[in-house]
Amino acid sequence: MTRRLSVAERHAAADRDLLLTDIAAQSSWDQFLVEQACLAFGRAKGEFSANDMRDVLPELGHGFLGAAINSLRSSGVIEHTGRLVPSTSTATHGHRLAVWKLSARGRAIAAERTARAQGRAA
């Protein structure tokens, strides 16, 4: 038997669907920017979290940073280190964030992009 949703649950689901639509509507430029930041932090620092990204990226749509990081994880560019850190965003009240590192595939992509950029600069 299917349970009927309350009015509050229906409104929450509608808000969630609108948020997901907004996230999906973000430009590929925003996604490329997040990818570049992850590759740069991964090469320079080894490990990073969304805290690091928030400090260097322009204001992105709510939830887009998490969606972009999840996309990089799903595509095998980054992998979870197994560690968590508290969020520095006041809006999240210290919610725990995953710490990421580049996978072998991510390191190869970062090295290729660095070599390409240096070749253009030479």
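**Entry 1: Ser 103**

I start with a rule for my notes: buried means under 20% relative accessible area, exposed means over 50%, and partly exposed lies in between, with a 1.4 Å probe and protein chains only. Ser 103 has 6% relative accessibility, so I mark Ser 103 as buried. This is a predicted model, in which local features need pLDDT of at least 70, side-chain atom pairs count only at pLDDT 80 or more, and totals for chains, interfaces and linings use all residues. Residues are numbered from 1 along each chain as its sequence is written, and side-chain values use heavy atoms, with hydrogens and water left out.

Where does Ser 103 lie? I found Ser 103 in the loop between β3 (96-102) and α5 (104-121). Helices (H or I, at least four residues) and strands (E, at least two) are DSSP runs, numbered from the N terminus. Leaving out residues up to four places away in sequence, Ser 103 touches Gly 76, Val 77, Ile 78 and Glu 79; contact here means heavy atoms within 4.5 Å. I also looked up the side chain of Ser 103, which reaches the backbone oxygen of Gly 76 at 2.4 Å. Gly 76 itself follows α4 and has a positive phi, near 80°.

**Entry 2: the sheet**

Next I traced the strands. I found an open sheet of 3 strands in the order β1-β3-β2, with antiparallel pairing. Two strands pair if DSSP finds at least two bridges between them. The edge strands, β1 (47-48) and β2 (78-86), each pair on one side only. Between β1 and β3 I noted 2 bridges, and Phe 48 stands opposite Trp 100 in β3.

**Entry 3: charged pairs**

How many salt bridges does the structure hold? I listed 3 salt bridges, each being a side-chain nitrogen of Lys or Arg within 4 Å of a carboxyl oxygen of Asp or Glu.

- Asp 52 and Lys 45 meet through their side chains at 3.0 Å, N to O. Asp 52 counts as buried at 17% relative accessibility, whereas Lys 45 is partly exposed at 48%.
- Arg 83 and Glu 47 meet at 2.7 Å, N to O. This pair links distant parts of the chain, with Arg 83 in strand β2 and Glu 47 in strand β1, 36 residues apart. Arg 83 is partly exposed at 42%, and Glu 47 is partly exposed at 32%.
- Lys 101 pairs with Glu 79, their closest N and O atoms being 3.7 Å apart. Here too distant parts of the chain are linked: Lys 101 is in strand β3 and Glu 79 in strand β2, 22 residues apart.

**Entry 4: the core**

Last, I looked inside. A nonpolar core is a set of buried Ala, Val, Leu, Ile, Met, Phe, Trp, Tyr and Cys residues joined through side-chain atoms within 4.5 Å. The largest one has 21 residues, and among those that touch the most other members are Cys 38, Phe 48 and Ile 78. α2 (28-45), α3 (50-56), α4 (64-74) and β3 each supply at least two residues of this core. Cys 38 touches Phe 48, Met 53, Ile 69, Leu 72 and Leu 102, not counting residues up to four places away in sequence.

Which residues of α4 are buried? I wrote down Phe 64, Leu 65, Ala 68, Ile 69 and Leu 72. These residues cover an arc of only 135° around the axis, so they sit on the same side of α4; the arc is that of the directions from the helix axis to the C-beta atoms.

Conventions:
Polar contact = N/O pair within 3.5 Å; in protein donor to acceptor, adjacent residues only side chain to side chain.
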